[in-house]
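Have the sequence and the coordinates open while reading.

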Amino acid sequence: MPKAPKTKLGKVRTEKVIHPNSRKAAYLAGQVNRNERVQISKQASSLKLEVLAEKLLWFKERLDPEKKVFTKSDFGSLVQEYLQRFDSELEQIDIVRSVGKRQGNPHSSRENAVKLTIEREKRQIDEGSFEVPHVFNAKNLAFFRAWNGEIKYVKNIKLSKISSKDLEKGSTEGFSEENEEMEDEEEENVKEKPESAT
């Protein structure tokens, strides 16, 4: 008669202890560092998208609903209004500071943040890297107006960079309907080329 297999009771398999100087320990430490970097990168990109979405919503609320196409010069007053959006908040901080007899500088951190933001935006305008929604043709304007404010669709909105020269001289160059139609045709041709190659 065959013997029954022996059962091992009470033995629980424990994980091997990893030596701190081993290659496996270095690999696991690298994985942890990578996961932390990826998480920080995701947080930074989501924060950028939130800020951009807030900016685009501000412009969307103030666009003239009557117009079908805008020029860069039309954005001059809107951009100036955008740069002055914190003026009332700064005035309130000054009022609070002047009324109370508190020592120190209340709301100084918020005031500094606002001033840094305004300086950065003015510098972007001077350098020509201030981004606004590309509402200089009817197709993009219709898409922008249809946008409901969801952050996940911010990447689909086409942006244009605007400079102080564009705002001052009333530039309309490159934004006629013919030029926009040619740009649309070029985009369609670029999209069609990979399909025809396959």
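## Ile-151 and Leu-49

Ile-151 touches Leu-49, Glu-50 and Ala-53, not counting residues up to four places away in sequence. The model behind these contacts is predicted. Ile-151 sits in the loop that links α5 to β2 (159-162). Its relative accessible area is 37%. That value lies between the 20% and 50% cut-offs, so Ile-151 counts as partly exposed. Ile-151 and Glu-54 are 97 residues apart in sequence, yet their C-alpha atoms are 9.0 Å apart in space.

Now take the view from Leu-49. This residue belongs to helix α1. Leu-49 touches Ile-151, Val-154 and Lys-155, again leaving out residues up to four places away in sequence. The C-alpha atoms of Leu-49 and Val-154 are 7.1 Å apart. Along the sequence, Leu-49 and Val-154 are separated by 105 residues.

Lys-68 is placed in the loop between α1 and α2. Is Lys-68 buried or exposed? Its relative accessible area is 67%. The cut-off for exposed is over 50%, so Lys-68 is exposed.

Which residues does Lys-68 contact, once neighbours within four places in sequence are left aside? They are Ala-138 and Leu-141. Lys-68 and Leu-141 are 73 residues apart in sequence. In space, C-alpha to C-alpha, Lys-68 and Leu-141 are 7.5 Å apart.

Asn-140 lies in helix α5, which spans residues 138-146. Its relative accessible area is 18%. Buried means under 20%, so Asn-140 is buried. With neighbours within four places in sequence set aside, Asn-140 is in contact with His-134 and Lys-158.

Asp-126 is found in helix α4. Asp-126 has a relative accessible area of 58%. That is over 50%, so Asp-126 is exposed. Asp-126 and Ile-162 are 36 residues apart in sequence. Their C-alpha atoms are 9.0 Å apart in space.

## Packing of α2 and α4

Helix α2 covers residues 75-83, and helix α4 covers residues 108-127. Their axes come within 10 Å. At what angle do the axes of α2 and α4 cross? The angle is roughly 155°. Angles over 145 degrees count as roughly antiparallel, so α2 and α4 are roughly antiparallel to each other.

Val-79, Tyr-82 and Leu-83 are the α2 residues in this contact. They meet Ile-118, Glu-121, Lys-122 and Ile-125 in α4. By class, the contact of α2 with α4 has 5 nonpolar and 2 charged residues. It has no polar residues.

## The largest pocket

The largest pocket has a volume of about 510 Å³. Its lining holds 19 residues. Which of these lie nearest the centre of the largest pocket? They are Val-51, Lys-55, Tyr-82, Arg-120 and Glu-121. Tyr-82 and Glu-121 also take part in the contact of α2 with α4.

Three elements, α1 (23-62), α4 and β1 (130-133), each supply at least two residues of the lining. The largest share comes from α4, with 7 residues. By class, the lining of the largest pocket has 8 nonpolar, 8 charged and 3 polar residues.

## The whole chain

How many helices and strands does the protein chain have? Its secondary structure comes to 7 helices and 2 strands. From the N terminus on, the elements run α-α-α-α-β-α-β-α-α.

The protein chain has 198 residues, and buried residues make up 25% of them.

Technical notes:
Residues numbered from 1 in each chain as written. Predicted model: local features only at pLDDT ≥ 70, side-chain atom pairs only at ≥ 80, totals over all residues. Heavy atoms only, no water. Axes fitted to C-alpha atoms, helices over the stretch in contact; angles between N-to-C directions. Helix = DSSP H or I, 4+ residues; strand = E, 2+ residues; numbered from the N terminus. Parallel < 35°, antiparallel > 145°, perpendicular 65-115°, else oblique. Contact = heavy atoms within 4.5 Å. Nonpolar A, V, L, I, M, F, W, Y, C, P; charged D, E, K, R; others polar. 1 Å grid on protein atoms, 1.4 Å probe; cavity = no way out; pocket = protein on both sides within 12 Å on 5 of 7 lines; lining within 4 Å. Points joined across faces, edges and corners; volume = space filled by probe spheres on them. Buried < 20%, exposed > 50% of the residue type's maximum accessible area, 1.4 Å probe, protein only.
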